[in-house]
Amino acid sequence: MKNTTIYLIRHGEYESEDTTKLSENGKMQAEELANLLVDKNIDLIISSPVPRALKTAQPLAKKLGQSIEEDQSFGEYQDSDESWEDALVRTQKGLEKIVALHEGKTVAIVTHGFMIGNFLISIGYGTREELAIGTVKNGSYVELVHSNGEYKVTDTYRIEKILT
């Protein structure tokens, strides 16, 4: 089984009055992420269907000459419609599908901070206290390598664990 590399990327900062739009800072974060990730041999870009996530993925897609595949598995946590456990299962199933379909590839996924934090907790990267809301910054990413059924964090950018 070949290793699959996954970049879980949190969307850029959004406007306070319209959460579907990136703020000017969020647009700069999206460009910065594209510049950081352009040389990572990304084979596929997937995004939450939420506009701020799609807009974050666009600069990377443009630099790589790729399209963006939307996947609700990585959509925003809907606290009125699902528990955080249900959201985690949704994310895990999405990742399992990606690993099965794209074994040995490198995949960038633009999603939401809560989803990334929850997933990192589930693989033992940190506790709920260490990865509290706000530790996965806008415009951040975590690089994961999936090998032999397990995920290992190999790099992070702008993810700040709270040391207890």
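Which side chain meets that of Lys137 in a salt bridge?

Author: This is a predicted model, in which local features need pLDDT of at least 70 and side-chain atom pairs count only at pLDDT 80 or more, while totals for chains, interfaces and linings use all residues. Residues are numbered from 1 along each chain as its sequence is written, and side-chain values use heavy atoms, with hydrogens and water left out.

The partner of Lys137 is Glu160, and their side chains meet in a salt bridge at 3.9 Å, N to O, where a salt bridge is a side-chain nitrogen of Lys or Arg within 4 Å of a carboxyl oxygen of Asp or Glu. Lys137 belongs to strand 5 and Glu160 to the segment after strand 6, so the pair ties together parts that are 23 residues apart in sequence; strands here are DSSP runs of E with at least two residues, helices are runs of H or I with at least four, and both are numbered from the N terminus. Lys137 counts as partly exposed at 26% relative accessibility, and Glu160 likewise counts as partly exposed at 45%, on a scale where buried means under 20% relative accessible area, exposed over 50%, and partly exposed in between (1.4 Å probe, protein chains only).

A search of the whole structure finds six salt bridges. One of them joins Lys97 and Asp71, at 3.1 Å from N to O, and this pair links distant parts of the chain, with Lys97 in helix 3 and Asp71 in the loop between strand 3 (68-70) and helix 3, 26 residues apart. Lys97 is partly exposed, with a relative accessible area of 38%, whereas Asp71 counts as buried at 7%. Arg90 forms a salt bridge with Glu82, with the closest N and O atoms 2.5 Å apart, and both Arg90 and Glu82 are buried.

Glu130 sits in the loop between helix 4 (113-122) and strand 5 (136-147), where a polar atom of the Glu130 side chain lies 2.9 Å from the backbone nitrogen of Thr127.

Terms used: A polar contact is a pair of N or O atoms within 3.5 Å; within protein, one must be able to donate a hydrogen and the other to accept it, and residues adjacent in sequence count only if both atoms are side-chain atoms.
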